[in-house]
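Work through the exercises below with the sequence and the model side by side. Try each task before reading its solution.

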Amino acid sequence: MTRMLGRRGAMQAAAGAGVAALAGRGALAADVTLAVWTGYPELVPWYQAMAAEYGKAKGTKVTILSTSLREHEQKLAAAVPTGTGPDIFDVGQILGITFIEAGLVKPNPPAVEALLKGGAYRASSVGQFNTDGKTYGVPMLFSTPAMFWNKAFFKEAGIDGPPKTFQDKMVAAKKLTKFDATGKMTRSGMSLRLSGQGSGIAEKFRFILEPAGGTLIVPNGKGKFHQGYDNEAGRNALKYYVDAVQTDKVDDPKVQHDAAAFVAGNTAMLMREAWVIGEIKEKNPTLDYGVAPIPAWGTGPHKTLLQHNGLWVNAKSKNLDVAYDFQVFLCSKEASVKLTQMSGWVAARSDVDWSPLLKEIPQYKEFVSPDAGVQFYPEPVMAAWNEIESRLADKLPGAYIDPNMLDPAKLAAFIKAAAAQTDQILKQNDLYGL
Amino acid sequence: MLFCYVALLPVVALFFYVRIIPIGFSFLLSFYKWNLISPRRPFVGWDNYLGLMEDENFLLALKNTTIYSFSTVALATMIALPLAVFLSRKSRLSAFYQTVYFLPVITPMVPVAIAWKWIYDYNYGILNYGLSLVGLPSVPWLTDPDIALWALVIMGVWKVLGYNMVLFLVGIRNIPAEYLEAASIDGASDWQRFWRISFPLLRPILLYVIVTSTINAFNVFTQVYVMTLGSQSAPGQAVRMLVFDIYTNGFQFFRMGYASAEAVILTLIVLGLTVIQFSLARDDNVKAG
């Protein structure tokens, strides 16, 4: 009897504790203030709108801190390990993997895992958020480039439509480039990334290298890598840049570049991500432009980069349950549509109905539902990736304008040296293997 | 006496906390491999230092920083001194010009660097517009790797000129008037009075200006960061400087141990140059004595 009462008492106590815990959790959710840090200031209005909706439903308050991407990464690197970081943060996988390796992001709980593996995302996206058989974080948005082309300039030059190959692109660019009476370029035929510093220069070099059949690093299938561009593809990609600047003169480091040049009508073609659509909408809404796939190299396939930006819950968060719940909320279908509408970035979910957006801005098509023939090459998930790209980026601007690069032997020597540096970085990080 | 030491204690403690301990920690860290995030921090001995000796980016940064520092310090000193002599004469516009030359010193570096980026713009910059007015061709100030470093030197000189000038001005005004009057009575020319009296008496100020300018020049960062940001900017390698390289290794590649080793080398370089400058000044004083 005593034993029976004891068991019953224990069961009652457990049930009571469970209810109390649930009640407590509900009360806690309402009392909780979640801190969210973002490196994308343009996402702040979206975060605020989502926080307001979530707060209305759950009573949770959300504070949002936004800084530039570089500052954001530095803040996270200093704050998360010391327990002073946010509950949720967005960051690319290159830094995400470092947090995972340091145990500062835990494997996803069942609810988040179910979202990730429930068919809402492309297999390539799910694969990118998988480390050693476990999933970490959720893809929030992805960044993939396509080719913006100025329809008015093409019409003026008598060119029918966007070029399908890089070779055609150069021919078109020559017709589209304009010079003044003194021979100074006033409009580039294509805007390449020719100057500055940082990994972006190498990333844009890959826009041509990958379709040409090369790649910066090749996995050996055993968790190690080696360079993959000291070959014909690497030399062709560099020659394309050198020709564009020095031989065919369709671009010049001295003229305006990037989205600013395209928006202002100072270039005819630009390979960039979806956010440029937002720039055009805001700064030059009457611009007559189209968006086409990144050209192919000769008869090869259309290839384009796929970079994910993830949403991560800090393992040191004091409000883990609420943080995971808000993470799932931020990745809902409705939130995904709003993310793209409000920021210009493309949400990573693939099961979203984009038709209202495409009806309003058809140029989004290449970004949200590209042609089936377009192949994606993902960004390798490794902590050393930023250094690999940045170190190559250090060398490229000088090569693009160096007259020595017109000599095939010197161009080949440059590529060989750059590729050797890539292997060296892999060795330093214990990631090298043939 | 005890009260003085006790009263100084909070300041000394604060100095230790914000200066000495971080410097010591950086020195220790330079013997480790650490990515800032991971709890693992293996000891690697002198590897970081040995790696630096073969690192072409570090060697390039060292070369660029040396060129930048010596050029900026030499030019800013050589221009500031005659300017100070000129403005030390009592004139109605003297105060106005002093203010004009000092304005860049108190203007924050980031907006200044952005403004200079526009000034240097190949197509729309005011500098090239000025050149076009006198029939000279436009210069790709930032995008030409051979010119970009000199564009930074020009800006660096403009930024520190006023500071050096004010220091020289204070020194000149503190030279006892009797010395100069006596020399005038003896028939010394303006140049002789400057070279034989003012200049030797200005040597402590000159030393201070050179030492502080050298330290500041070796620590150049903000303008490099701003001027290499974006697609319409200076090629990173052309203007790669030591602090920028430290920043890149530490906060972009998260190689904190390696960046710390670079910081230690930078400290030693600046310390060495300061010691050399002080010993040269002391030799001069001994000879003068």
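This is a predicted model: local features need pLDDT of at least 70, side-chain atom pairs count only at pLDDT 80 or more; totals for chains, interfaces and linings use all residues.

**Exercise 1. Describe the overall make-up of chain B.**

Step 1. Count the elements. Chain B has 13 helices and 0 strands.

Step 2. Read them in order. The pattern along the sequence is α-α-α-α-α-α-α-α-α-α-α-α-α.

Step 3. Take the dimensions. Along the principal axes, the C-alpha atoms of chain B fill a box of roughly 75 × 70 × 35 Å.

Step 4. Check burial. Of the 289 residues in chain B, 34% are buried.

Step 5. Look at contact range. Take the contacts in chain B with a separation of 6 or more: 70% of them join residues 24 or more positions apart.

**Exercise 2. Work out how helix 7 and helix 10 of chain B are oriented to one another.**

Step 1. Decide what to look for. Two packed helices are described by the angle between their axes and the distance between the axes.

Step 2. Find the values. The axes of helix 7 (residues 145-173) and helix 10 (residues 203-218) of chain B come within 10 Å, and they cross at roughly 160°.

Step 3. Apply the cut-off. Angles over 145 degrees count as roughly antiparallel, so helix 7 of chain B is roughly antiparallel to helix 10 of chain B.

Step 4. List the residues in contact. Helix 7 of chain B gives Gly156(B), Val160(B), Asn164(B), Leu167(B), Phe168(B) and Gly171(B). Helix 10 of chain B gives Ile205(B), Tyr208(B), Val209(B), Ser213(B), Asn216(B) and Ala217(B).

Step 5. Sort them by class. The contact of helix 7 with helix 10 of chain B has 7 nonpolar residues, 5 polar and no charged.

**Exercise 3. Find the two domains of chain A and describe the side of domain 1 that touches domain 2.**

Step 1. The domain assignment gives domain 1 as 32-136 + 307-370 and domain 2 as 146-302 + 380-428 of chain A.

Step 2. The C-alpha centres of the two domains of chain A lie 30 Å apart.

Step 3. Count the contact. In chain A, 14 residues of domain 1 touch 15 residues of domain 2.

Step 4. Trace the domain 1 side. Helix 4 (93-101) and helix 16 (365-368) of chain A each give two or more residues to it. Helix 4 of chain A has the largest share, 4 residues.

Step 5. Sort by class. This side of domain 1 of chain A has 8 nonpolar, 5 polar and 1 charged residues.

**Exercise 4. Which helix of chain A gives the largest share of the side that touches chain B?**

Step 1. Count both sides. The contact takes 26 residues from chain A and 24 from chain B.

Step 2. Helix 3 (69-79), helix 4 and helix 17 (385-401) of chain A each supply at least two residues.

Step 3. Pick the largest share. Helix 17 of chain A supplies 6 residues.

Step 4. Sort by class. The chain A side divides into 10 nonpolar, 10 polar and 6 charged residues.

**Exercise 5. Are Lys249(A) and Asp258(A) buried or partly exposed?**

Step 1. Locate Lys249(A). It is in the loop between helix 10 (232-247) and helix 11 (258-264) of chain A.

Step 2. Locate Asp258(A). It lies in helix 11 of chain A. Asp258(A) is not a glycine, yet it has a positive phi of about 65°.

Step 3. Apply the cut-off. A residue is buried if 20 or more other C-beta atoms lie within 10 Å of its own. Lys249(A) has 17, so it is partly exposed. Asp258(A) has 21, so it is buried.

How values were computed. Residues are numbered from 1 along each chain as its sequence is written. Chains are lettered from A and ligands numbered from 1 in the order in which they are written. Axes are lines fitted to C-alpha atoms, for helices over the stretch in contact, and angles run from 0 to 180 degrees between N-to-C directions. Angles under 35 degrees count as roughly parallel, over 145 as roughly antiparallel, 65 to 115 as roughly perpendicular and the rest as oblique. Two residues are in contact if their C-beta atoms, placed from the backbone, lie within 7 Å. Ala, Val, Leu, Ile, Met, Phe, Trp, Tyr, Cys and Pro count as nonpolar, Asp, Glu, Lys and Arg as charged, and the others, Gly among them, as polar. Domain bounds come from an automatic or database domain assignment. A residue is buried if 20 or more other C-beta atoms lie within 10 Å of its own, exposed if 12 or fewer, and partly exposed in between; C-beta atoms are placed from the backbone.
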